[in-house]
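Visitor: I am new to this structure. Could you please walk me through it?

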Amino acid sequence: MSVHRIRGNSRRGLVSATLGFFVGFAGVVLYGPVATEFESAMGLSGLALGLLVGAPQLTGSLLRIPFGAWVDEVGPRKPFLVLLTLSIAGMAGLSALLVTAYPDGLTMELYPLVFLCGALSGCGIATFSVGTTQTSYWYPKDRQGTVLAVYAGLGNSSPGLFTLLVPIALSALGLTTSYLVWFAFLVVGTVAYAALAVDPPSFQLREQGLDTGEARQRAEAYGQELFPGGDAFASVREAAAIPRTWGLVALFFTSFGGFLALTVWLPSYWTAIHGMGVQGAGALTAIAFTLPAAILRVPGGYLSDRIGGEVTAVGSFVVVGIAALGLVVTRTYGTALGATVCLAVGIGVANAAVFQLVPKYVPEAVGGASGLVGGLGAFGGFVVPPLLGLFVDSFGESGYASGFVVFVALALVSVALSERLYRTRASVGVDAAAAGE
């Protein structure tokens, strides 16, 4: 009788997932903190600049769905490594462009290649859905809230830290060397993940030749309580057929998509409207917005559990709308700083509130709905920056401030959608029961 052994443990599973996500998610701010450098070197319009800083979010959002589903077939380690390797390819291409062309040769003719490198580098952002699954399969149900908060909280911190560090590196090392250091960090981080990561027990046992049923039975002895639920894409299709799913997608488009968009756009706002240097603008964005918005997801989830996700969502989107309006009308540094902090509070809490509503409003297809909401909602990080850039093209430098009217509009729509969703709550149980039949 063969002996089946399990490599690793739950702590190793959590640490490796968090490490891989931290390394990959930093790609959110690939261009944002030093956007003015690319803008001046290439002569970019506002629209072109918005598309460039949003490029990593294009792949980082859309790839979450297929790669999250792929985990249920092969385990998390392989999808993780594929996404991080694609990011390495993007960073290698960008580094080569900078070494050979920057500054004088980095012209608008190279814009498609710079955009492509950004999109490839953003593949690491999609590790969120892979790492979430890796963490969940390693831990029992009664510890999911805690370990997922640790995973998401620490992993989400990398854009804020890189928004702080990249401008400092730019000042000390120059643009090209700064990206070469980032490239080295990405390679080392990927190698470290590859060395540390192990698939959850059921996947290891299946790889050792056990069928799905026996692998599940033996994995339970190692503490695994959550398992793949069958055809993941079937769950996505089922969720897509439920209108409430699309309401939640729209809400997450504003909250998490808005978080990604503002993380890459705010440095340019502080530079253009308030005359700050690249280093100061990056530091202020990280301290006043990116890090607080990421951290506030934890108390936002607690508040949603206590008073209800609907009430929390409405209140947080109201805060987003008021704060964005403040940024539209003010040119005073102190008022703008206060509005930015309020924006972080509103968006951070809204992110938690929206995901608290997913199992409540789409109980018949939670997995599929989570994939759609997380993936398509994050697509706002790609769509919103070009919209903000159009205001710059239309109104000049003042467009960096007036463009925040986009968030006023998104907040108003989100308040209306949250209220409308709440009015459908009575039908949720009936629909789920019908789906079960």
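Guide: The conversation below goes from the overall fold to some local details. This is a predicted model, where local features need pLDDT of at least 70 and side-chain atom pairs count only at pLDDT 80 or more, while totals for chains, interfaces and linings use all residues. Residues are numbered from 1 along each chain as its sequence is written, and side-chain values use heavy atoms, with hydrogens and water left out.

Visitor: How many helices and strands does the protein chain have?

Guide: The protein chain has 22 helices and 0 strands. Helices (H or I, at least four residues) and strands (E, at least two) are DSSP runs, numbered from the N terminus.

Visitor: Which domains are assigned?

Guide: The assignment gives domain 1 (7-199) and domain 2 (231-429); such bounds come from an automatic or database domain assignment. The contact between them takes 41 residues from domain 1 and 39 residues from domain 2, where contact means heavy atoms within 4.5 Å.

Visitor: How much area do domain 1 and domain 2 bury between them?

Guide: They bury about 3100 Å², with 77% of it on carbon and sulfur atoms. Buried area is the accessible area (1.4 Å probe) that two parts lose on being put together, summed over both.

Visitor: Changing topic, which peptide bond is cis?

Guide: The bond from Tyr102 to Pro103 is cis, with omega near 5°. Pro103 lies in the loop between α5 (77-101) and α6 (111-121). In general, most peptide bonds are trans.

Visitor: Which side chains meet Arg216 in a salt bridge?

Guide: The side chain of Glu220 meets that of Arg216 at 3.9 Å, N to O. Glu220 and Arg216 are separated by about one helical turn because they are 4 residues apart in helix α11.

Visitor: What are the dimensions of the box that the C-alpha atoms fill?

Guide: The C-alpha atoms of the protein chain fill a box of roughly 70 × 50 × 30 Å, taken along the principal axes.

Note on methods: A salt bridge is a side-chain nitrogen of Lys or Arg within 4 Å of a carboxyl oxygen of Asp or Glu.
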